[in-house]
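Welcome! Please take a look at the model below, and then we will walk through one of its chains together.

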Amino acid sequence: MAALIDIAKKGRKADAHRPWPRTIVTSDAWRLVVQQLVEARATMIGLWGDAGAVHLALIEEPSGEIGVFTLECRDGKFPSVGALHPPAIRLERAISSLYGLKPIGSPDARPWLDLGFWGVTHPLGKARKTRGAQAPYAFLPVEGEGLHQIPVGPVHAGIIEPGHFRFTANGETVVRLEQRLGYVHKGIESLMAGASIEHGALLAGRTSGDSTVAYALAFAHAVEAALQVKVPPRAIWLRALMAELERLANHFGDIGAICNDASFSLIYAECGILRERTLRAAEACFGHRLMMDRVVPGGVAEDLRSEGEASLHQLLKIVRDRFPELIEIYDNTASLQDRTVTTGYLAPTLARAFGAGGYVGRASGRAFDARKAIAYPPYDELEFEVPVRDDGDVNARVWLRIREVEQSLKLIDQILARLARGPLRAELGKTGEVREGLGLVEGFRGDVLVSVRLDANGAIERCHLRDPSWFQWPLLEAAIEGNIVADFPLCNKSFNCSYSGHDL
Amino acid sequence: MRRLLLKNLLRRPVTEIAPSPDDATLAELAAKLDRAAQRRLGRSLAIREVDAGSCNACELEIHALNNAFYDLERFGLRFVASPRHADVLLVTGPVTKNMREALERTYAATPDPKWVVAVGNCAVDGGIFAGSYAVTGGVDNVVPVDLHIKGCPPSPTELLKGLLALLEPVNQR
């Protein structure tokens with residue numbers, strides 16, 4: 001397991017990158033790093049561009065050791081990671097579209113996120129104005145007898161985010177799904193550049209609204225690591241409380257919505273009630289249903305309101321009273337099980353290779369949870385289990401969420417019992433030098449990674465936010481293969497990837 | 001399952017009394033809407049939601065309108081799958097450049113008379129995302145807007161107030 005450290009010794013250590021080291025390496029050492037991924041000795045947790053450089057972040061499991069490696073790109077080129085390790089392909093395509101840095105040897109040179117409407121190319125690199133239409137996007141060719149294509153989106157039938165799905169089907173069976181995303185690309189990383197830390201926190205909290213707490217927390221962790229700020233204990237506990245409430249609300253919503261996509265509206269209605277009650281409790285506690293902008297770098301923006309604690313106890317009581325009954329119905333309804341069991345199977349080998357986080361990874365045997373793997377406070381002091389299954393179907397992803405709801409309830413009990421009085425926020429202060437930080441936080445969907453570089457005045461120079469969906473979307477293409485077209489909504493909902501978090 | 005259904009029959013419903021639309025919303029509508037068009041639509045409105053680049057928080061709260069607490073359908077308001085069935089487009093997000101064409105096409109596919117309701121602060125003027133190379137900065141820039149519902153995200157109650165305002169002049173007749 002010493003491999004990453006050995007490679008790091010050969011490179012030049014970046015001065016102020018915390019809490020894990022960043023190493024600037026030669027292209028030879030870069031290849032060694034990539035080899036770690038190919039040989040499954042480490043998992044990729046991020047690959048992003050910068051001015052004239054690319055960064056690759058890896059984690060060794062189960063040690064939780066994280067390393068960031070940087071390759072400076074001479075002539076705007078770097079040796080492709082995706083050529084050897086396919087999970088990197090989309091990330092490289094995004095780097096290429098946003099920064100204009102070319103992955104040499106990449107098997108897929110098509111743009112990603114850039115759909116040709118921005119009026120500029122490489123907006124984060126050497127931006128150049130474009131005029132007129134670009135060449136139409138080349139979807140992957142499909143050949144064979146009796147195949148037909150079904151284009152879906154970007155505007156979908158439900159109240160969901162936009163994205164394009166190109167199905168190739170043989171009769172009812174999906175032969176290939178190809179995704180085209182980027183429709184909700186807002187240029188968040190360009191807005192981050194030059195922003196104050198306070199403004200950056202607002203942007204981070206609006207990267208994917210369903211994970212606003214997780215994003216704000218990952219951003220805060222990165223900034224606090226960079227500035228070496230010690231967060232007051234009460235703030236740490238309150239942050240965990242918000243994170244678990246967010247997880248509960250989303251899992252209730254997902255369990256209900258998956259059942260609804262299998263036309264079982266009873267559980268949908270009941271879970272909708274539980275979700276609403278959770279959001280109302282969150283509002284009673286922190287004054288915002290989704291708890292947006294409540295986690296801030298240095299601590300939390302406001303204290304638990306006086307009426308909050310009572311509403312939490314009431315919520316826990318209601319959930320414990322009602323939820324088991326719903327699980328029983330889920331487990332004992334044959335028509336529902338008929339839809340979810342064996343549907344949308346994701347092989348554990350793929351989940352591992354892609355480093356799929358959250359319920360997608362854990363339902364396919366990848367026992368990774370940032371709360372355990374790097375055990376950031378207060379989770380190092382809390383008792384909880386990380387449920388894992390290896391059956392990898394829609395049913396497994398439902399059960400994973402059910403088990404995680406139970407764990408979150410246990411966590412909230414413990415948090416409430418240990419919540420002590422104290423200050424809520426630490427001063428950030430100025431350092432007078434360039435500082436870098438990395439945050440990795442477990443959102444409801446999986447691990448959110450945030451990397452920041454702050455200039456000497458404390459303004460954001462570069463901030464990269466990586467949604468767990470980057471490593472889940474491609475797997476949905478694999479999971480749907482061989483299923484019927486009509487089961488796509490079910491499979492899609494069981495993944496529930498973020499469009500906005502991915503598109504940025 | 002039968003036990004749960006029976007229990008639910010005996011429990012009090014969770015559905016809440018509707019909030020009344022606020023004056024500002026009604027004033028914005030009165031200035032913009034053709035009452036004749038409104039009369040033709042009567043008390044039933046079909047809504048097509050279009051995410052034009054939101055962070056998905058607005059979608060979560062719009063979704064909540066369907067839960068038992070708000071129960072949108074009791075007012076004759078319902079979400080439909082196609083713009084061709086819609087009277088109202090509920091648009092969220094700062095309208096990314098990548099979604100501009102899709103929004104224009106959705107608008108074109110919606111039969112007249114139609115209304116556009118822009119939901120959320122970034123749908124008003126781009127909000128926090130204004131100024132980016134990737135956004136047009138507000139729904140107004142792409143399709144005509146009849147009503148703005150502000151908030152980040154607006155709560156289901158705020159959404160309900162806005163949507164009920166669309167029906168209000170009809171009710172008064």
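Predicted model: local features only at pLDDT ≥ 70, side-chain atom pairs only at ≥ 80, totals over all residues.

Residues are numbered from 1 along each chain as its sequence is written, and chains are lettered from A and ligands numbered from 1 in the order in which they are written.

**Overall make-up**
- Chain B has 7 helices and 5 strands (DSSP runs numbered from the N terminus: H or I of at least four residues for helices, E of at least two for strands).
- Along the sequence, their pattern reads α-α-α-β-α-β-β-α-β-α-β-α.
- Chain B holds 173 residues, and 47% of them count as buried (20 or more other C-beta atoms, placed from the backbone, within 10 Å of the residue's own).

**The sheet**
- The 5 strands of chain B form an open, parallel sheet in the order 2-1-3-4-5 (strands pair if DSSP finds at least two bridges between them).
- Strand 2 (77–79) and strand 5 (147–149) of chain B each have a single partner strand, so one side of each has no neighbour in the sheet.
- From one strand to the next, the twist averages 30 degrees (axes are lines fitted to C-alpha atoms, and angles run from 0 to 180 degrees between N-to-C directions).

**A pair to find**
- Strand 1 (residues 45–51) of chain B is joined to strand 2 of chain B by 3 bridges, and the two run parallel.
- B:Ile47 stands opposite B:Phe79 in strand 2 of chain B.

How values were computed. Buried ≥ 20, exposed ≤ 12 C-beta atoms within 10 Å, placed from the backbone.
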